[in-house]
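Good morning, and thank you for making the time. I would like to walk you through one structure, so please have the sequence and the model open while I talk.

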Amino acid sequence: MSMGELLPLMILCSSLIPGLIIFALSEEQHRLRSGLNMVGAVAKLLLVAGLIWGVYQEQVFEARWTLAPGLDFVLHVDALSVLFVSLSTLLWLVTTVYAIGYLEDSPDRSRFFGFFSLCVTATVGLAMAGNLFTFVVFYEALTLATYPLVAHKGTPEAVRGARIYLGYTLAGGLLLLIGAVWLRTLAGPLEFSEGGILGDIPGLDPDNLRWIFLLLMAGLGVKAALFPLHGWLPRAMVAPAPVSALLHAVAVVKAGAFGIVRVVYDVYGVEFSAHLGVLVPLGMLAAFTIVYGSVRALSQDHLKKRLAYSTVSQVSYIALGASILGPLATIGGVVHLVHQGIMKITLFFAAGNYAETLGVHRVSEMDGIGRRMPATTLAFTVAALGMIGLPPVAGFISKWYLGLGALEASQGIWVIPVLVASSLLNAAYFLPILYRAWFMPQRDWPRQMHIGYRGETLPSLQWPPVITATLALLVGGLAAAPFSPLEWVELIALREYRL
Amino acid sequence: MGSSPLLYAVTGALIFGIGLLASLRDEALLARIIAINISGVGVFLMLVSFAYRGFELAPDPIPHALVLTGIVVAVAASGLALALEKRLAELPKSKTHKEDSP
Amino acid sequence: MSTILIVVVIVPLLASLTCLMLPRLSDRLSLGTGLVQLITGGLLIQSLASGISHFHELGGWSPGLGIALRADALAGALVLLCAIVSLAATVYARRYFTCVETRYRFWPLWWLLSTAIYALLLSADLFNLYVTLELLGLSAAALCTIGAAKTEALRSALRYLMLGLVGSLLFLAGVSMVYAEYGTLSLMALAGQIAQTPATLVALLLLSSGLLVKCALVPLHFWLPAAHGSAPAPVSAVLSALVVKVAFYLLLRLWFELFSPVMTSLFATLIGGLGAIAVIWGSLRALTAARLKLLAAYSTLSQMGYLFVFIPVLAALPDEETRQLGFGALVLFALSHGIAKAALFLGIGVIQLQVGHDRIDQLAGSAQRFPIAFFAIGLAGVALVGLPPSGAFLAKWSLISNSLLTGQWWWMVVTLTGTLLAAAYFIRVLGAGFVTLGPEAPVKGVGVSLQAPALVLACLATFGLGLGAASLWDVLAMGSAGGQL
């Protein structure tokens, strides 16, 4: 086996194997469990570093396994995969640290961390999937691995939320399956390739292709929380904070958005999609979801719910970027995959800290919380400002390129008002939180966590949001540096448009 | 095939059909066991009639062998059914709430 | 090499007799027999992989007089399935039946059932098939009553026996019609001769309806849920995984090898339609079932339905090659269901044994108390619903793809609806099991040896069959069943 075959498999195994071992551990072996988790996460990070270097050198990473005649299971790494793989790997490491602190002394941790690792394995596999079939496999696997995480607390409310989540995502998975099988019977193996494959196949009926596009988008739209398929997301908020963080920033929601990018660019091809006329409806829907999510977020007093609706809105930037023809919009959309991830995970870490340390779940309880927990609140502030789109935080870069792309595209001018409206709405639901946190008089907290020393909370809870907030500042401020997400996405855009 | 073996075969088929219907319709277990046996006899009759190869010729031995085996199987099956029914009758009569049975 | 066929049939028969005579040895002997069967099954499929099919006449008697055995790739695959499932169930049964007396009565019947299954898979003669069918029905019904103290269990066993007898009689009547028309009962001799005559049609109808009773295809299904739902767990596992499956195997043989000149597309569509009803109806009943085992039994109804949905799709495929691939998918589906359903029943049995019941609304805490068994149930669910990476997923992918290829999109709709419903009833189980009991509830563990067989089978169905499916196609592509399809 060559390195090109081995590396993708090793990247999968670096979370799969620790996950499987963790299932077999007893509850008491928590040192071993944490150790395994950390070893896996660090190993994965190192392997991904090798991968980045290799892909930059235009080395080919591909592992292929025939499941049935004509049906191959393919792991293939291209620039877009690398982007998503590195995002999930990095954030998995941070979230693992966070989760170890968060779940200290709670029951069923072996089950939790086992499925947590499986969830990352599925996400990384999805990122490296080399054809639509493999993508569907990991897409479903992700659904299954996240269900026990959402239901983890075992309260009737959690089980109900998880059931709704599973109902939505399985139904979406089936739609995706129909689309994939149908397209497979028309167009062959559907290996992802930069610039798309369908445009080069003669004799395809455009009407069929439009129907299939609808099916695929409906299937992916469930996880990407496109309106009206977003209903599960606010309800899945019952999950523990690290799960919400991972779900919103990396795993589930991103899997849907990533799938949309894959289908538009690497299956249909963005120019061919524009030719079929399927991009405009997708863009309209994404734009509507952006505004709708923000409007709903305004009225939520529950902090995690407000963040959830904010996710509904923010993730649709990615679909919006994919639906505007032109490299600049592509850059804006794809880079938001990373930027939104880093910012949103910070927000959820902070929300988790508030809930764990002070029992604060609602925006109306957050008065003066900045003085009690300055580090966490500072991280929250940076991420929130980034979400609004303030430079130099990462979110600004995404919105800037989306705007430029809209101006560049022939019929994209309508996107500008959407971007403006969305930013104003973002400000309207984030700034009041910041005002309360920093400027309102401090009040009594619902409960106080016993920490045992002077500090705002446990170190393993305090540091992850600080780190990710710093990261959000760095990727925004140093966007022009080599190997920054922006630079990398420009490379992707060049390859997608065959420039 | 001459007319008399055909007659036997048709009779056999009729007995088979009657037995089958009775075995599905009747409620009493013993009656159903008997009905299944009758139905089996119908099939055996059909098989025996198929063994006829002509007035002068010896009959085909294979169907006979089959019928013999079939009779053994039928006896064994009836025995098991009766044994089960006996055990059922010996059990204390519980209030049979039919749980989810269609 | 063809002597291996004798070994496959004779070993469980000897085991059965020995267990009857030397009950003290039976626990250890059974474990050994299970292992031997697994090895023999592996050797058999190994020797068939080169595309040969085996044929053996017992005692040198010519076909038509003596007993002939034969195996092709299809039979080999099913023999291996049976060996795997029965080994797992054997290991399990050693712990499941805690009472020694019960085990002593259980083992002889258990191996008799195995004998019947293997003999049925390998018989090359219609009358032998009838005898093995009867043997199967009798030993299965007797096994249902092991350890049964309730009237309901006995009554459903009795009903199972009666319907089995009716099915066998229908089959026998069909056999006699075939003999009347063609003067032979050897499958190989018949294969080329079948022509479209009225008597042949009657024979086909009789044989098919007899077997359809045993396969529990709607509307002949009514006996199955009660019988499978009230038998002891290892028996339920084998009934659902293997016994209905071998009856279906026989149907495949008849429809695609013997009676292919008589099979019309109308007949295939009719069968597929009944299968579709079974898929939907079985799933709906599973969704509302109050007990886990009943849920699993209804799930068997609906999963058997898929096998029949394959028939019209396969029949409509235009060229030989795609049809062989589709046939492979059908076999993969059957294997996948067999292993996963056995895992499900064994997993349920653990919970039932410990908690004393299997009511779904009182499952709270089982995910904590029986982590391995519950994980196995979940994994079996993945394979039964047909989610990746299970073998059933590949099979369903092929089914959907082929129904689109042949323009019969309605089979796709049935498949997907059934899949969603199956997901719904498994979500119900998982949801019930994941509810925690609260800190005061006692958390006591269960032995690994009782839980492990279910987990191994579930992993095999979900990962093994999915990732290793390519080799199955290699074997089947050379098999005669696919070839003559």
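How many Å apart do the closest C-alpha atoms of chain A and chain B lie, given that no contact joins the two chains? They lie 25 Å apart, where a contact means heavy atoms within 4.5 Å.

Residues are numbered from 1 along each chain as its sequence is written, chains are lettered from A and ligands numbered from 1 in the order in which they are written, and side-chain values use heavy atoms, with hydrogens and water left out.

Let me take chain C, which has 20 helices and two strands; helices here are DSSP runs of H or I with at least four residues, strands are runs of E with at least two, and both are numbered from the N terminus. Chain C has a radius of gyration of 21 Å, close to the 23 Å that the globule rule gives for 485 residues, so chain C is as compact as a globular protein of that length. That radius is taken over C-alpha atoms, and the rule is 2.2 Å times the number of residues to the power 0.38. Along the principal axes, the C-alpha trace of chain C spans about 70 × 55 × 40 Å.

Of the 485 residues in chain C, 67% count as buried, meaning under 20% relative accessible area, with exposed being over 50% and partly exposed in between, for a 1.4 Å probe and protein chains only. If we take contacts in chain C between residues at least 6 apart in sequence, 81% of them join residues at least 24 apart.

Two residues let us look inside this chain. Is Ser283(C) buried or exposed? Ser283(C), which sits in helix H11 (residues 265–288) of chain C, is buried, with a relative accessible area of 0%. Leaving aside neighbours within four places in sequence, Ser283(C) is in contact with residues including Ser302(C), Gly418(C) and Tyr425(C). Gln303(C), placed in helix H12 (residues 292–316) of chain C, also counts as buried, at 2% relative accessibility. Beyond four places in sequence, Gln303(C) touches Phe333(C), His337(C), Lys341(C), Leu384(C) and Tyr425(C).

Turning to chain B, we find three helices and zero strands, and 32% of its 102 residues count as buried. Among contacts in chain B between residues at least 6 apart in sequence, 56% join residues at least 24 apart.

Finally, confidence. Chain B averages a pLDDT of 83, with 88% of the residues scoring at least 70; pLDDT is the predictor's confidence in each residue, from 0 to 100. Over residues 95–102 of chain B, pLDDT stays under 50, although the model has 14 contacts for them beyond four places in sequence. Where pLDDT is low, the predicted coordinates should not be read in detail. For chain A the mean pLDDT is 85, and 98% of the residues reach 70 or more.

Note on methods:
This is a predicted model: local features need pLDDT of at least 70, side-chain atom pairs count only at pLDDT 80 or more; totals for chains, interfaces and linings use all residues.
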